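Me: I would like to learn how to read helix packing and sheets in a model. Please go through it step by step.

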Amino acid sequence: MSFSGLARRALIEREAIRTAKCLLLDWDGCVAIGNKVLPDAAALIARHIERVVILSNNSTDLPSDLAGILQQSGLDLPEDRIFTAGAEAVRIVAARRGARVLLLGSPKMRRLARELGVDLVRQDADVVLLMRDARFTYAKLMRAANAVRDGAELIASNDDRTHPGPEGRIVPETGALLAALRACLDDTAPAPLIIGKPGELLFRRACDHLGIQPSEAVMIGDNPATDGEGALNYGIRPILVGGASSLQMKDLVEPSPEKMLRTA
Ligand SMILES: [Mg+2]
C-alpha cells in the first residue's frame with residue numbers, strides 16, 4: 001500500500017475509533033507479546049481506557065493476570081472488562097452442573113475450575129476441555145482421545161495454532177494440540193465446541209456486558225482469521241494491525257495536541 005493510501009486508512013480507522021462506544025482489543029500480538037505490553041498499545045489504551053475491553057483467545061492466564069500486567073504499565077483496566085477464551089470455557093463447563101471434566105490446561109485454569117465447583121476427573125469424563133497446556137504429553141493425548149471416542153463432548157478454548165512470541169518465536173497454541181487430538185479420532189467424531197474467536201461467544205459476552213450493539217464497537221487485532229472474521233461475522237468493524245496488515249498499532253494513536261502544534 002502506498003504511503004498516502006496507508007495514511008488515509010489510518011485516518012479512517014482513527015475516526016472509527018473516535019466514534020465507537022467500545023474498543024475491543026486482542027491481547028497476544030496486539031496489546032502484548034510474551035505478556036509484555038507494547039508501548040503503542042499502552043498509548044492507545046491510555047487514551048481511550050474508559051472504552052477499552054480486552055477480548056482474547058488466551059487460555060493460559062486469568063483476566064486478573066492480564067489486569068495486573070496492564071497495571072504494571074500504569075493502565076487501570078477493571079478485570080470485568082477482560083474476556084478470555086480460557087476463563088469463559090471454564091465458566092461454560094462449570095454451568096453444566098455435575099459434569100465430569102477432563103481438563104487439559106494450565107494450573108491456573110485448573111484452580112479456577114475447582115473454585116467454580118467443576119468436577120475434574122482423569123477417566124469416565126463427560127467433557128474433555130482442551131486449552132493451551134504447556135505440559136501436554138502423549139499420556140494426556142491418549143487419555144483425551146479415548147474419552148472423546150467413548151462419548152465425552154470435546155470443548156476447546158480456541159483453535160489458534162500459534163501466537164507470536166518474543167523475538168518472533170512461534171508459541172504453539174490450543175489449536176495445535178486440538179489438531180493432534182483430532183488426528184486420533186475418526187472422521188465421524190462430532191466437531192468440537194470452540195469458545196474463542198472467531199466464534200461469536202466472546203464478542204456476545206463483551207457486548208452484552210457493556211449493553212452495546214455490535215455496530216457500536218470496533219475490534220482491533222492482528223489475526224485476520226480470528227479477530228477479523230469473527231468481528232465481521234458478529235457485525236463489528238474489524239481493524240487489523242501488524243502481521244498481514246500494513247497498518248501498525250502506532251497508526252491508531254491520535255497524535256497528541258502538543259505534537260500537532262509542534263509539527264504545524
Ligand atoms: Mg492476536
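**Helix packing and the sheet**

Reply: Helix 4 passes helix 5 in a right-handed crossing. A crossing is right-handed if the near helix is turned clockwise from the far one by less than a right angle, and left-handed if anticlockwise. Helices (H or I, at least four residues) and strands (E, at least two) are DSSP runs, numbered from the N terminus. This is a predicted model, in which local features need pLDDT of at least 70 and side-chain atom pairs count only at pLDDT 80 or more, while totals for chains, interfaces and linings use all residues. Residues are numbered from 1 along each chain as its sequence is written.

Me: Which residues of helix 4 and helix 5 make the contact?

Reply: Helix 4 contributes Gly86, Ala87, Val90 and Ala94, and helix 5 contributes Met109, Leu112 and Ala113. Contact means that C-beta atoms, placed from the backbone, lie within 7 Å.

Me: At what angle do helix 4 and helix 5 pack?

Reply: Two packed helices are described by the angle between their axes and the distance between the axes. Here the angle is about 30 degrees and the axes of helix 4 and helix 5 are 10 Å apart. Axes are lines fitted to C-alpha atoms, for helices over the stretch in contact, and angles run from 0 to 180 degrees between N-to-C directions. Helix 4 and helix 5 are therefore roughly parallel (angles under 35 degrees).

Me: What is the strand order in the open sheet?

Reply: The five strands run 5-4-1-13-14, with parallel pairing. Two strands pair if DSSP finds at least two bridges between them. Strand 5 and strand 14 stand at the edges, each with a single partner strand, so one side of each has no neighbour in the sheet.

Me: How many bridges join strand 1 and strand 13?

Reply: Strand 1 and strand 13 pair over four bridges.

How values were computed. Parallel < 35°, antiparallel > 145°, perpendicular 65-115°, else oblique. Contact = placed C-beta atoms within 7 Å.
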